[in-house]
Amino acid sequence: MDQYLEKLRKYLSKYNSEDAESALEFYTDYLTDGPFSTYEDCVNDLGTPKFLTRKIMAEYSIKKNKDSKKSRENMKTIWLVILGICSTPITIPLAVMFFVFFVIMPLVVFISVFAVLLSVFLSGIAFIIGGLRFDLQTILMFIGAGLVAISVSTMLFCGLFWISSKTITGIKKLCIWAYGKIGKRKGDK
């Protein structure tokens, strides 16, 4: 049991949080009060110290960022939850599929749309600069077309970033839901 607690303490020491300390205190009390005498008894009930650490950190991240609207905090929560899900070998293929469909695919779509909008924006600038060598009517037409391209792409950039922040929040909620469905099963053992 002491070996289990030592490993748990080592893994939790990587995280600087009060919740890690309170979790260590809770599990120390839990193991000392329970019928656990060997390392194997502890592993059979709680899983490996590494698994338990990931579970603690995933739950801490979910609790801390439950109502967060910041994309950076949401991404951190997503990664910690994915680590929590991946801590059991059986869920690794499911986590890979989940990661590809709900993280990589939205990222590819975001990058593609961003590239198209950037090209429209740069085309607008090129229209304005390129139109300066013609007569007055043509110059005005090129400047107008360039300004339209720049303004439309700028508005769409704002929409793209709004949609991406909502997508990240949705992925975070989906990760939390998946962790609740998958991650708890190992702990219920």
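**Exercise 1. Which residues does UniProt place in the feature "transmembrane region", and how helical are the spans 110-132 and 139-163?**

Step 1. The unreviewed UniProt entry places the feature at residues 78-104, 110-132 and 139-163. Such annotations may be inferred rather than shown by experiment. The model itself is predicted: local features need pLDDT of at least 70, side-chain atom pairs count only at pLDDT 80 or more, and totals for chains, interfaces and linings use all residues. Residues are numbered from 1 along each chain as its sequence is written, and side-chain values use heavy atoms, without hydrogens and water.

Step 2. Take residues 110-132. The span is 91% helix and 0% strand, with its end C-alpha atoms 34 Å apart.

Step 3. Take residues 139-163. Here the chain is 100% helix and 0% strand, and the end C-alpha atoms lie 36 Å apart.

**Exercise 2. Describe how helix 1 meets helix 3.**

Step 1. Two packed helices are described by the angle and the distance between their axes.

Step 2. The axes of helix 1 (residues 2-12) and helix 3 (residues 39-46) come within 7 Å and cross at roughly 55 degrees.

Step 3. Gln3, Tyr4 and Lys7 of helix 1 touch Tyr39, Cys42, Val43 and Leu46 of helix 3 (contact: heavy atoms within 4.5 Å). These residues divide into 5 nonpolar, 1 polar and 1 charged.

**Exercise 3. Is threonine 169 buried or exposed?**

Step 1. Threonine 169 sits in helix 7 (residues 136-188).

Step 2. Its relative accessibility is 12%, so threonine 169 counts as buried (under 20%; exposed is over 50%).

Step 3. A polar atom of its side chain lies 3.0 Å from the backbone oxygen of serine 165.

How values were computed
Helices (H or I, at least four residues) and strands (E, at least two) are DSSP runs, numbered from the N terminus. Axes are lines fitted to C-alpha atoms, for helices over the stretch in contact, and angles run from 0 to 180 degrees between N-to-C directions. Ala, Val, Leu, Ile, Met, Phe, Trp, Tyr, Cys and Pro count as nonpolar, Asp, Glu, Lys and Arg as charged, and the others, Gly among them, as polar. Buried means under 20% relative accessible area, exposed over 50%, partly exposed in between (1.4 Å probe, protein chains only). A polar contact is a pair of N or O atoms within 3.5 Å; within protein, one must be able to donate a hydrogen and the other to accept it, and residues adjacent in sequence count only if both atoms are side-chain atoms.
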